[in-house]
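Here's a quick briefing to read alongside the model. Have the viewer open and follow the topics in order.

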Amino acid sequence: MIATTATTTTATPSTTGTPAPGGDTPAAQDLHRYAIDPAAHGREFCLARVADMLRIRRMEERCAQLYGEGKIRGFLHLYIGEEAVAAGVMPNLGPEDNVLATYREHGHALLRGVPMKAIMAEMYGKREGCSRGRGGSMHLFDREARFCGGNGIVGGGLPLAVGLALADVTLPQRQGAVTACFFGEGAVAEGAFHESMNLAALWRLPVLFVCENNLYAMGTALSRSEAQIDLTKKLAGYDMAGAQVNGMNVLAVHDAARQAIERVRATRAPFFLELHTYRFRAHSMFDAELYRDKAEVERWKTHGPIHGFTARLKAAGLMDEADFQRLDAQALAEVDAAVAFAEAGTWEPEAELTREVTAAR
Ligand SMILES: Cc1ncc(C[n+]2csc(CCOP(=O)(O)OP(=O)(O)O)c2C)c(N)n1
Ligand SMILES: [Mg+2]
């Protein structure tokens, strides 16, 4: 394992059928500690990470509002609370690398370089959207950015990532490219996860598996569905290296991802990062959240990725309130422009609805 803020989870799996401890274990709380000195990364780098997280946060807050107004419809899964994961991993990837994510992928798409306007128009279902209005929230896609999709199927991105990496190792012009695949811990229960891990290891494919362990798959706590909740223990079965990292700490994520990606590029072997994180909002817009205590959510919020990092930066003299307000205003202005773009967008004419659709009778 590479050196990170690694830890071992201590919650015991439930065997009684009663609700098991969810996101509030001592080990999970221990993950909030900031072991990395931000000064080592420099002020500009740290402010850029705050800006990245704020762009995601403000965009998604507006999405939730627009959903309430009926402007955005269908499914909507917010990443709020988990921003440090995408913000920590993404700066380590180059334009030649591939990125895949889940239906909770707005932040990944944004930080990968998909314009916020194209994301917002896609949310609206407009033709100007990054998937031409045909994908919606769960299916953002941008070939140019090599953002190879959100995916509505739990675990659905993993076989695609393995396929992309297999293509890369066979094409002379794609040597050195890495495929980063983000997925929730719920995917670990899927056969596709195990098949993908096995093939990536067996064929030595350059895949970075990024498991966003937010402790719940919809309403199911990990400890209610998995006999082994230390997910890195599963790696022994694939002879794959991996590490556990505090996913609420953008610098910890960044440093672990940098080492992991360098290693994948150099060895061409896959690597598994388990990032401990927490979603502050409901699973989707239809979720009464009966499976977790409000107090648990509030406790995690006190260590939120933006709040925690900015507090640390201010304490270190690397940022002041004016810096924060400036970055926040920039993010809000970008959101306003994206919403105006989506509002002004066009609907696909009815006559074109069957274009690019293959129908089988
Ligand atoms: C194959 C499959 N089974 C079930 C579902 C329904 N479903 C949607 S989200 C979800 C939970 C997944 O949780 P996790 O992988 O932990 O990701 P998170 O939502 O926490 O980010 C489930 C079971 C699905 N979309 N695909
Ligand atoms: Mg989850």
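Predicted model: local features only at pLDDT ≥ 70, side-chain atom pairs only at ≥ 80, totals over all residues.

The protein chain has 361 residues, and 48% of them count as buried. Its secondary structure comes to twelve helices and seven strands.

**Lys301 and its surroundings**
- Lys301 sits in helix α10, which covers residues 294-301.
- In sequence, Lys301 and Phe280 are 21 residues apart, yet their C-alpha atoms are 6.9 Å apart in space.

- Mean pLDDT for the protein chain is 91, with 90% of the residues at 70 or more.
- Residues 1-33 are another story: pLDDT stays under 50 there, although the model still gives that stretch 69 contacts beyond four places in sequence.

**Overall packing**
- Take the contacts in the protein chain between residues at least 6 apart in sequence: 77% of them join residues at least 24 apart.
- In soluble globular proteins, nonpolar side chains tend to be buried together.
- The largest nonpolar core here holds 90 residues, and the ones touching the most other members are Ile119, Cys181, Leu208, Val210, Val253 and Leu273.
- Helix α9 supplies the largest share of this core, with nine residues.
- Another core, of seven residues, lies apart from the largest one, and its members include Tyr216, Ala221, Leu222 and Tyr278.
- As for Ile119, if you skip neighbours within four places in sequence, its contacts are His106, Ala109, Leu110, Val114, Cys130 and Leu140.

**Around ligand 1**
- Which residues come nearest to ligand 1? Out of 15 around it, they are Val154, Gly184, Gly186, Ala217 and Met218.
- Sorted by class, that shell splits into six nonpolar, six polar and three charged residues.
- One of those nearest residues, Val154, also turns up among the contacts of Ala187.
- Ala187 belongs to the loop between β2 (179-184) and α7 (191-202).
- With 23 other C-beta atoms within 10 Å, Ala187 is buried, as the cut-off is 20 or more.
- Besides Val154, Ala187 is in contact with Gly155, Leu158 and Phe193, leaving aside neighbours within four places in sequence.
- From Ala187 to Glu212 the C-alpha distance is 9.9 Å, and the two are 25 residues apart in sequence.

**Helix α11, face by face**
- Helix α11 spans residues 305-315, and its buried residues are Pro305, Ile306, Phe309, Thr310 and Leu313.
- Why do these line one face of the helix? Looking down the axis of α11, the buried residues fall within an arc of 110°, so they line one face.
- As background, an α-helix has 3.6 residues a turn, so residues three or four places apart point the same way.
- After α11 comes Gly317, with a positive phi near 75°.

**Leu111 in helix α4**
- Leu111 is part of helix α4, residues 106-112.
- It has 24 C-beta neighbours inside 10 Å, so Leu111 counts as buried.
- Leaving out neighbours within four places in sequence, Leu111 is in contact with Asp52, Ala86, Ala87 and Met90.
- Leu111 and Ala86 are 25 residues apart along the chain, with 7.2 Å between their C-alpha atoms.

- Leu215 is no glycine, but its phi is positive, near 75°.
- You'll find Leu215 in the loop between β3 (207-213) and β4 (216-217).
- Is Leu215 buried or exposed? It counts as buried, because it has 26 C-beta neighbours inside 10 Å.
- Asp239 is not a glycine either, and its phi is positive at about 55°.
- The loop that holds Asp239 runs between α8 (222-225) and β6 (241-246).
- Asp239 has 11 C-beta neighbours inside 10 Å, so it counts as exposed, for which the cut-off is 12 or fewer.

Definitions and conventions
Residues numbered from 1 in each chain as written. Chains lettered and ligands numbered in written order. Near = placed C-beta within 6 Å. Nonpolar A, V, L, I, M, F, W, Y, C, P; charged D, E, K, R; others polar. pLDDT = per-residue confidence, 0-100. Contact = placed C-beta atoms within 7 Å. Helix = DSSP H or I, 4+ residues; strand = E, 2+ residues; numbered from the N terminus. Arc of directions from axis to C-beta. Core = buried A, V, L, I, M, F, W, Y, C linked by C-beta atoms within 7 Å.
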